[in-house]
Amino acid sequence: MICNLINEVFKHAAARQDAVPRVGQRADKDNPFLHRDAQFLDYPKLVTGIADGDLDVAAGTTWMWSRPDLQCSVDTLFVDETGQMSLADVLAVAGAARNVVLRGDPQQRAQPSQATHPPGSGVSALEHILGDRATMPPDAGLLIDKTWRMHPDLCRFTSDTFYDGKPTAMPDLVRQEILGDPPLSGSGLRVIEVPHEGNSNASPEEAAVVAELVGSLLGHQWRNHSGALQPIGIEQIMVVTPYNAQIRAIQSAAVGAGVTGLRVGTVDKFLGREAPVVIYSMAMSSADDAPRGMEFLYDLHRLNVATSRARALAIIVASPDLARVHCQTPRQMLLANALCRAWESGM
């Protein structure tokens with residue numbers, strides 16, 4: 001995420017023809033997440049660079065900004081992904097700046113947690129502000145109610161299902177579409193049913209279908225938001241799945257079909273990323289086969305992230321029995337409703 005933000009800083013500076021930003025980043029020299037345009041600095045050099053005005057932007061994790069020698073060191077601290085960050089962590093870094101901007105979306109991914117904690121400690125910093133609301137109220141902060149990624153058809157599903165219908169797509173995104181034959185053409189959400197039984201965390205049936213879909217998409221074209229046609233290569237496709245076992249199954253099926261370099265991973269790997277086409281393989285045969293219960297596979301955050309990575313087309317590959325779940329609690333009804341809504345939108 002730090003690299004994504006630094007990318008945007010340089011992009012906007014170039015668009016406005018501003019001077020090239022001087023960016024310092026705290027990272028080990030061989031760290032793969034060290035941004036290519038940032039200076040890699042150790043803690044003492046970062047502290048000195050900020051104090052002497054030699055840096056326009058300093059970037060690092062909570063470990064860096066919570067250091068005593070960086071207290072009151074910058075004017076404004078942007079804390080990214082506070083929908084996944086604990087209130088304690090935000091308070092720890094807040095002393096580094098005179099102004100703190102919290103940015104994030106609790107509807108995307110919940111705060112990661114391990115072990116057992118007191119009630120309420122699992123609530124992220126932004127969730128403390130939002131309470132039980134899906135979007136930010138005007139008296140508490142700013143709601144970014146426009147997407148610069150998703151086609152309006154795809155945005156409509158995401159908006160209505162997870163955000164009270166508030167976000168809309170930028171007008172030029174209506175141009176985004178995949179060219180080719182149905183169902184792998186156009187834009188929006190598609191559901192491809194793959195019947196199978198007894199699968200809990202890996203489905204060879206779905207893996208084979210995913211490999212076939214990827215092979216069919218390669219070599220086709222897609223139209224971007226400016227109307228330009230571009231070829232669909234392996235970098236224009238992302239495959240998301242909840243389970244590591246299904247990652248391996250899909251990779252194996254793809255290689256067997258002659259497809260190499262396919263990007264396959266869990267929701268956590270692709271958070272913040274995007275592609276013209278995203279395929280979401282759910283792997284499990286039915287809710288009864290869920291080793292962790294409905295809470296994991298039907299998790300609203302996971303479905304939200306998986307489908308909203310797509311710019312033009314999101315494809316859910318899943319067993320039809322997942323939409324035929326027998327709910328026993330109101331919470332289970334809420335979880336199943338989002339997936340059933342995807343079924344209705346994508347069929």
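The following conversation goes through a predicted model of one protein chain.

User: What does the secondary structure of the protein chain come to?

Analyst: The model is a predicted one. Its protein chain contains 12 helices and 15 strands.

User: How much of the chain counts as buried?

Analyst: Of the 347 residues, 46% count as buried. As for the surface, the protein chain exposes about 17600 Å², and carbon and sulfur atoms supply 52% of that area.

User: What share of the contacts comes from residues 24 or more positions apart?

Analyst: Such pairs account for 66% of the contacts with a separation of 6 or more.

User: Changing topic: how far apart are the mean positions of the positive and negative charges?

Analyst: They are 4 Å apart, with 30 positive and 39 negative charges in the protein chain.

User: How many disulfides are there?

Analyst: The count comes to zero disulfides. A disulfide is a covalent bond between the sulfur atoms of two cysteines.

User: Is cysteine 155 buried or exposed?

Analyst: Cysteine 155 counts as buried because its relative accessibility is 3%. Cysteine 327, in turn, has a relative accessible area of 32% and is therefore partly exposed.

User: Where does proline 106 lie?

Analyst: Proline 106 is in the loop between strand E5 (97–102) and helix H5 (125–130). With a relative accessible area of 5%, proline 106 is buried.

User: Which residues does proline 106 touch?

Analyst: Leaving aside residues up to four places away in sequence, proline 106 touches Gly83, Leu126, Glu127, Leu130 and His301. Proline 106 and glycine 83 are 23 residues apart along the chain, with their C-alpha atoms separated by 4.1 Å.

User: What about leucine 91: buried or exposed?

Analyst: Leucine 91 counts as exposed because its relative accessibility is 58%; the cut-off for exposed is over 50%. Leucine 91 lies in helix H4 (residues 87–94). From leucine 91 to serine 66 is 8.8 Å, C-alpha to C-alpha, across 25 residues of sequence.

User: Now the backbone. Is the peptide bond from proline 182 to proline 183 cis or trans?

Analyst: That bond is cis, with omega near 0 degrees. Proline 183 is placed in the loop between strand E8 (177–178) and strand E9 (188–193). Most peptide bonds are trans, and most residues other than glycine have a negative phi.

User: What is the phi of glutamate 81?

Analyst: Glutamate 81 is not a glycine, yet its phi is positive, at about 55 degrees. Glutamate 81 is in the loop between strand E4 (74–79) and H4, and at 17% relative accessibility glutamate 81 counts as buried.

User: And the phi of alanine 283, what is that near?

Analyst: Alanine 283 has a positive phi near 75 degrees. Alanine 283 lies in the loop between strand E14 (275–281) and helix H10 (294–297). With a relative accessible area of 0%, alanine 283 is buried.

Key
Residues numbered from 1 in each chain as written. Predicted model: local features only at pLDDT ≥ 70, side-chain atom pairs only at ≥ 80, totals over all residues. Heavy atoms only, no water. Helix = DSSP H or I, 4+ residues; strand = E, 2+ residues; numbered from the N terminus. Buried < 20%, exposed > 50% of the residue type's maximum accessible area, 1.4 Å probe, protein only. Contact = heavy atoms within 4.5 Å. Areas by Shrake-Rupley, 256 points an atom, 1.4 Å probe, with all protein chains shown as cover. Lys, Arg positive; Asp, Glu negative; His and termini not counted. Charge placed at Lys NZ, Arg CZ, Asp CG, Glu CD. Disulfide = S-S within 2.5 Å.
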